[in-house]
There are 2 protein chains.
Amino acid sequence: MIRIALDAMGGDFAPDVPVEGALAAADELPPSSEILLVGRQTEIEETLAKHGAQADRFQIVDAPDVVGMGEKPLAAVRGKPKSSIGIGLGLQKRGGADGFISAGNTGAVMAASTILLGLHPGVQRPAIGTLFPTGSEPVLVLDGGANVDCSPRELQGFAYIGAVYARDVLGRSNPTVGLLNIGEEEEKGSAAVKEAYALLKHSTHFQFIGNVEGRDILRGACDVVVCDGFVGNVVLKFYESVARLVHGLLDREVGRDVLEAPAMQRVFKVLDYSEYGGAPLLGIRGVSIICHGSSPPRAIKNAIRVAMQSVQSHLSQHIGAEFAGGEAVA
Amino acid sequence: MIRIALDAMGGDFAPDVPVEGALAAADELPPSSEILLVGRQTEIEETLAKHGAQADRFQIVDAPDVVGMGEKPLAAVRGKPKSSIGIGLGLQKRGGADGFISAGNTGAVMAASTILLGLHPGVQRPAIGTLFPTGSEPVLVLDGGANVDCSPRELQGFAYIGAVYARDVLGRSNPTVGLLNIGEEEEKGSAAVKEAYALLKHSTHFQFIGNVEGRDILRGACDVVVCDGFVGNVVLKFYESVARLVHGLLDREVGRDVLEAPAMQRVFKVLDYSEYGGAPLLGIRGVSIICHGSSPPRAIKNAIRVAMQSVQSHLSQHIGAEFAGGEAVA
């Protein structure tokens, strides 16, 4: 039995959106799997009723506290152990759930996941894995914002973590990894990136293709792109704003008729992040997926699917094994 | 008389593209201005003839050597003083020209500009200014790749340089400046960015609007976005690849008819970098504009216009004044 705990109080439109996402996911759940809704019991029950769902459709785990979107992460984690985030991750720690999903306070989910579940031995920092839509298969970029100043060793770690994710969840049997840089030549880049290159050069657990540039991400030059969380976060948020720009330009120049045609909708579906559901926090002992605060129900539903896949493929265990005496700690 | 020296040997399709760009610009040149074509005299003359232009249309400044696109910048600058880059910038140093434009080896143009023209006193590093197209006015992002590891003081300098450029060349009378970061809060970001925030907080020569995120660039949240050259270069190249992705998706989903309609061409014109002509190297004592190696003639023509504007507005002198005992060196 796989159990995924979903933070019913997380996100800009909670508990409605998480509950709707859970309802959408429930129809497609694999056998012997279960979604646990974590949050204020009465509110969840009322929301289920509002959506015409039976109260016993999901197991509800009561959590009286809620972490606000603007709260300081560490203070919130320490001061509100009975928040939906604290209770949801505590469940996983004690074996009552196999994964956790939240569209709530990102910093708090990161901090609580790291504190409550812990890191695999050898992992220096957890990384946020983000999927960038391309014309064909998505590209995993990490770190997406968990770590701003990264050491070469940490960047190296992200490559190993990313390669396991690409194999286990994205189905890339022999993943290629690139190091994000400002030029292809080995001697290019910041001090940390140059050293990371030297560390990655002799990797055998994945194909290290060397430096890649900003333009290489969308052309799908590799399965995994490694960068520090500052660069990753800036590029990720920049990309998220591109669809809006293109939409605005098309609306202005080409007109609403074309914009609303099914073919055009397919274009924007490719550029739509909620297709990928959320960003996994990788390197922790467990499964924790962080969704945008503004996630629609479809994103929650997709995050549930990704969490299930992560558990079924033993992603966390495989990441742990990679750091337990493997190349990554050489 | 304003004289702009154009590297006729720079770029992937030299001397054809620079010569075509010069011819296109010549028709729109302001009175008492001149384009000097710098490069191998015979090749330039032949190219002019090929395009049906009279040989005396431009002054040609002979430069026997050419710096290859793949050459090591410093070695090329030192080893080939008679290259079109060396001769063209030497002209400006001696007062024979007021600006320089090249689509050649970026590193070599940067190195030669810095060595031959020098930096304004107080400027720690020159910065590459890059214009990001948005739905309305373009946003200046700097540094675009000249400096990978930047100190807080250097980031502060970029803000002053950028504000002067926004005023002189982009016509923003009271420019707003944002610091690129992973969150809006003052305490966010890398060590260097946090310190830069503290340095910028009390600026009075421009409106410092605080931290901006990746998503704020395209919404035109401010006139100038400050970041180190690693982040700037990655986002710039990423953005350059977006038009290709969107074009590919539209081609696949919507079809060539719609794609080739004039309205759609206007959309791609907005996303087209060559509209802005090139990236100025800022902080040097003079005017030097770096174009993509793959620039079309229109980009060269636009770079000539920007160089003219930079000279006419006394951009370089204004940047120098900003650092001569002003806030930027406080």
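Modeller: Start with A:Pro15. A:Pro15 sits in the loop between strand 1 (2-7) and helix 1 (16-26) of chain A. Helices (H or I, at least four residues) and strands (E, at least two) are DSSP runs, numbered from the N terminus. This is a predicted model: local features need pLDDT of at least 70, side-chain atom pairs count only at pLDDT 80 or more, and totals for chains, interfaces and linings use all residues. Residues are numbered from 1 along each chain as its sequence is written, and chains are lettered from A and ligands numbered from 1 in the order in which they are written.

Biologist: What joins A:Ala14 and A:Pro15?

Modeller: A cis peptide bond, with omega about 0°.

Biologist: And what is the peptide bond from B:Leu142 to B:Asp143 like, cis or trans?

Modeller: That bond is cis, with omega near 10°. B:Asp143 is in the loop between strand 7 (139-142) and helix 6 (152-168) of chain B.

Biologist: Why flag these at all?

Modeller: Most peptide bonds are trans, and most residues other than glycine have a negative phi.

Biologist: What is phi at A:His314, then, positive or negative?

Modeller: Positive, about 60°, and A:His314 is not a glycine. A:His314 lies in the loop between helix 12 and helix 13 (315-323) of chain A.

Biologist: What about B:His314?

Modeller: Phi of B:His314 is near 60°, also a positive value in a residue other than glycine. B:His314 has 13 C-beta neighbours inside 10 Å, so B:His314 counts as partly exposed.

Biologist: Zoom out. How many helices and strands does chain A have?

Modeller: Chain A has 13 helices and 12 strands. Of its 330 residues, 56% count as buried. The C-alpha trace spans about 60 × 55 × 40 Å along its principal axes.

Biologist: How is chain A divided?

Modeller: Into domain 1 (1-123 + 283-313) and domain 2 (128-275). Those bounds come from an automatic or database domain assignment. The C-alpha centres of the two domains lie 26 Å apart.

Biologist: Which residues make the contact?

Modeller: Domain 1 of chain A gives 13 residues and domain 2 of chain A gives eight. In contact means that the C-beta atoms of two residues, placed from the backbone, lie within 7 Å. On the domain 1 side, helix 12 (residues 297-312) of chain A gives the largest share, six residues.

Biologist: New topic. How many residues of chain B are in contact with chain A?

Modeller: 40 residues of chain B are in contact with 40 residues of chain A. Helix 9 (229-253) of chain B is one of the elements giving two or more residues to the chain B side. Helix 9 of chain B gives the largest share, 17 residues.

Biologist: Which surface do the copies meet through?

Modeller: The same surface, because 100% of the interface residues of chain B are also interface residues in chain A.

Biologist: What rotation superposes chain B on chain A?

Modeller: A rotation of 180°, with 0.0 Å of shift along its axis and RMSD 0.0 Å. The two copies are therefore related as by a two-fold rotation axis. Copies are superposed by least squares on the C-alpha atoms of residues with pLDDT of at least 70 in both.

Key: A residue is buried if 20 or more other C-beta atoms lie within 10 Å of its own, exposed if 12 or fewer, and partly exposed in between; C-beta atoms are placed from the backbone.
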